[in-house]
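Reader: Before we discuss any details, could you show me the model and then take my questions one at a time?

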Amino acid sequence: MQQRKKWYDVSQPIRDIVTVVVYLIFFIYLFDLIIKEQTIAVQITFIMMGAGIGGIALLYEFLNRRLKKAVLVLTLQCDPKKGLEIIKPLAKYDILKSFRSADLVFHLLAWRDLGEFDNITSLDSPEGLKLFSKSYDLLLIYRHSLFVAYGELGDQNKCREFYKAAFAMKDKKYKLGVLTKKIAAVFSWEEMTALYKLYGHSYKESKKMFQQISIHNMNNREKQHYYLLGARIAAACEGAQSAEAWVQKAVDINAASPMAALAESLMDSSTSPVTL
């Protein structure tokens with residue numbers, strides 16, 4: 001099974017140390033230039049340049065840390081509402097648009113967890129497509145999100161359209177300089193297919209594909225989605241009570257999360273086994 005790529009790297013201690021060292025070297029060098037310079041006008045120019053670069057660097061680091069914190073809250077604590085609050089400054093202060101793509105992806109993931117599927121489908125437009133066409137990873141996340149949103153909303157035609165569009169990227173290759181690279185598996189292809197079959201009421205096929213999914217390397221958020229899918233398939237195939245074990249696993253991660261609440265709702269339903 002192809003190892004899945006994380007949409008955002010949340011562990012960068014070495015990179016943080018290197019960044020601090022680079023900043024220190026630059027400002028020590030700039031300070032040395034200011035001290036040695038005899039002309040007041042040039043000194044002022046260096047000071048203004050340092051202040052400008054320093055301000056931009058501090059803003060970047062502030063926004064970067066907010067993004068990292070929001071990602072941790074979403075992926076480990078499974079709290080999309082809190083994550084969206086933490087990430088709010090990105091839309092307001094990201095004047096260089098350095099975090100635009102990450103902000104868009106974060107909102108897609110959080111909206112899915114919150115069940116705000118209309119927000120996702122509102123991006124099904126030429127303008128929305130343009131926002132996510134900067135890289136194949138972004139495009140895959142965009143298509144996958146629309147596939148899920150339309151599936152949850154019961155639009156089978158649109159669900160099928162975006163499932164096929166997303167799955168068509170499985171073996172996609174692209175040029176990166178002189179190298180030919182294969183698109184990283186941001187999502188589990190088996191899980192995607194199991195979900196697609198569930199939306200299409202092909203429960204036996206969904207269950208068969210679900211059994212091929214590996215939870216190795218999944219974070220807490222991804223595990224909750226996996227357990228929720230297992231609960232939904234079990235409820236559809238054998239009745240609501242058969243989903244109890246799956247539901248409990250989702251709840252154990254974070255009982256207060258929206259996905260845990262959705263999983264628990266399966267136990268309150270009167271779902272009967274589906275005749276396959």
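**Cavity, buried threonine and salt bridges**

Author: The largest cavity has a volume of about 70 Å³, where a cavity is, on a 1 Å grid over the protein atoms alone, a set of points at which a 1.4 Å probe fits but cannot get out, and a volume is the space filled by probe spheres set on the points, joined across faces, edges and corners. This is a predicted model, in which local features need pLDDT of at least 70 and side-chain atom pairs count only at pLDDT 80 or more, while totals for chains, interfaces and linings use all residues. Residues are numbered from 1 along each chain as its sequence is written, and side-chain values use heavy atoms, with hydrogens and water left out.

Reader: Which helix gives the largest share of the lining of the largest cavity?

Author: Lining residues have an atom within 4 Å of a point, and among them here are Ile56, Leu59, Tyr93 and Phe99. The largest share, four residues, comes from residues 40-75, a DSSP run of H or I with at least four residues, namely helix α2.

Reader: Is Thr193 buried or exposed?

Author: Thr193 is found in helix α9 (residues 189-199), and its side chain joins that of Tyr163 in a polar contact of 3.0 Å, a term for a donor and acceptor pair of N or O atoms within 3.5 Å, where residues adjacent in sequence count only if both atoms are side-chain atoms. With buried meaning under 20% relative accessible area, exposed over 50% and partly exposed in between (1.4 Å probe, protein chains only), the 10% of Thr193 makes this residue buried.

Reader: How many residues apart in sequence are the parts that Arg221 and Asp113 tie together?

Author: Arg221 forms a salt bridge with Asp113, the closest N and O atoms being 2.8 Å apart, the term requiring a side-chain nitrogen of Lys or Arg within 4 Å of a carboxyl oxygen of Asp or Glu. Arg221 lies in helix α11 (residues 220-238) and Asp113 in helix α4 (residues 100-114), so the parts tied together are apart in sequence by 108 residues.

Note on methods:
1 Å grid on protein atoms, 1.4 Å probe; cavity = no way out; pocket = protein on both sides within 12 Å on 5 of 7 lines; lining within 4 Å. Helix = DSSP H or I, 4+ residues; strand = E, 2+ residues; numbered from the N terminus.
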